[in-house]
Amino acid sequence: MDPLTAPDFYKDGAVRIGDAEYQTKLFTIRGLLHIIRNQKPFASRLEKAIQTYRGHDEFRLGYLVLEYLDDEPDDAETLILVLSDPSKGDAIVSTCRLSYSLAKKSGYISLVYTSEEFRGKGICQHTIGHLLETTKHGLDHYHLLVDKPNAAAIKCYEKNGFVITRDGEHNTHRMELDVSKAGGAGKRKTRKTRRRR
Ligand SMILES: CC(C)(COP(=O)(O)OP(=O)(O)OC[C@H]1O[C@@H](n2cnc3c(N)ncnc32)[C@H](O)[C@@H]1OP(=O)(O)O)[C@@H](O)C(=O)NCCC(=O)NCCS
């Protein structure tokens, strides 16, 4: 099954980063609904992790469904990648989200978060790389917005080939990766992106 085209894509896997082995879940919005309905303890941990990331105790996983419905153009789809640590009660390790249009061959990365105790182990670098590897057969171009002072995130994106192309709103950099041309992003005309964490 191709994660880019199967609306109910959901896949469990495993990945080794450094000395540790983590569980991976890659899923679409319909896959998220499956998790909310059928994997309640995991869903609850994921909800708490995103509450921490967004600094918003009232955040509910269902809001990701609303964001998909409200913010995305009709031809857009969403994939979410979550890592967890089975040796620590399946604690949530990291999240990232790709919103993409197959018609435009373009994707927007957001919800990039590594839980504090897992930082500095190359997890962000790995998860962004994994998301790119899994989807670049169907997409040519990726972009994201990052706060200018966020050195850790910028480094993680640069290590995956992103380059800063211009200023975004609210003291952010727009970073882009063009996988269709070796040599990078920048010259391509792209639509303005509203900030989504
Ligand atoms: C940004 C974030 C996702 C990075 O996660 P991580 O898993 O710790 O990142 P990695 O371990 O893959 O680190 C990537 C690189 O950044 C470097 N780095 C980490 N912290 C850094 C810092 N404070 N300043 C500069 N570089 C830093 C790492 O050393 C690594 O480079 P290296 O391989 O050359 O050593 C994590 O800090 C986080 O969740 N922050 C809060 C949420 C956030 O800012 N999300 C990004 C929104 S755009």
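In this predicted model, helices α4 and α5 meet through residues from both partners. Helix α4 contributes Cys124, Gln125 and Ile128. Helix α5 contributes Cys156, Tyr157 and Lys159. By class, four residues of this contact are nonpolar, one is polar and one is charged.

Two packed helices are described by the angle between their axes and the distance between the axes. Helix α4 covers residues 123-135, and helix α5 covers residues 151-159. Their axes come within 9 Å. They cross at roughly 45 degrees. The crossing of the two helices is right-handed.

The shell around the ligand holds 18 residues. Those that come nearest are Thr114, Arg119, Cys124, Gln125 and Ala152. Cys124 and Gln125 also belong to the contact of α4 with α5. The largest share comes from α5, with five residues. By class, the shell has 10 nonpolar, five polar and three charged residues.

The protein chain as a whole has five helices and eight strands. Along the sequence, these elements follow the pattern β-β-α-α-α-β-β-β-α-β-α-β-β. The radius of gyration of the chain is 16 Å. The globule rule gives 16 Å for 197 residues, and the two values are close, so the chain is as compact as a globular protein of that length. Along its principal axes, the C-alpha trace spans about 45 × 35 × 30 Å.

Definitions and conventions:
Residues are numbered from 1 along each chain as its sequence is written. This is a predicted model: local features need pLDDT of at least 70, side-chain atom pairs count only at pLDDT 80 or more; totals for chains, interfaces and linings use all residues. Axes are lines fitted to C-alpha atoms, for helices over the stretch in contact, and angles run from 0 to 180 degrees between N-to-C directions. Helices (H or I, at least four residues) and strands (E, at least two) are DSSP runs, numbered from the N terminus. A crossing is left-handed if the near helix is turned anticlockwise from the far one by less than a right angle, and right-handed if clockwise. Two residues are in contact if their C-beta atoms, placed from the backbone, lie within 7 Å. Ala, Val, Leu, Ile, Met, Phe, Trp, Tyr, Cys and Pro count as nonpolar, Asp, Glu, Lys and Arg as charged, and the others, Gly among them, as polar. A residue is near a molecule or strand if its C-beta atom, placed from the backbone, lies within 6 Å of it. The radius of gyration is taken over C-alpha atoms; the globule rule is 2.2 Å times the number of residues to the power 0.38.
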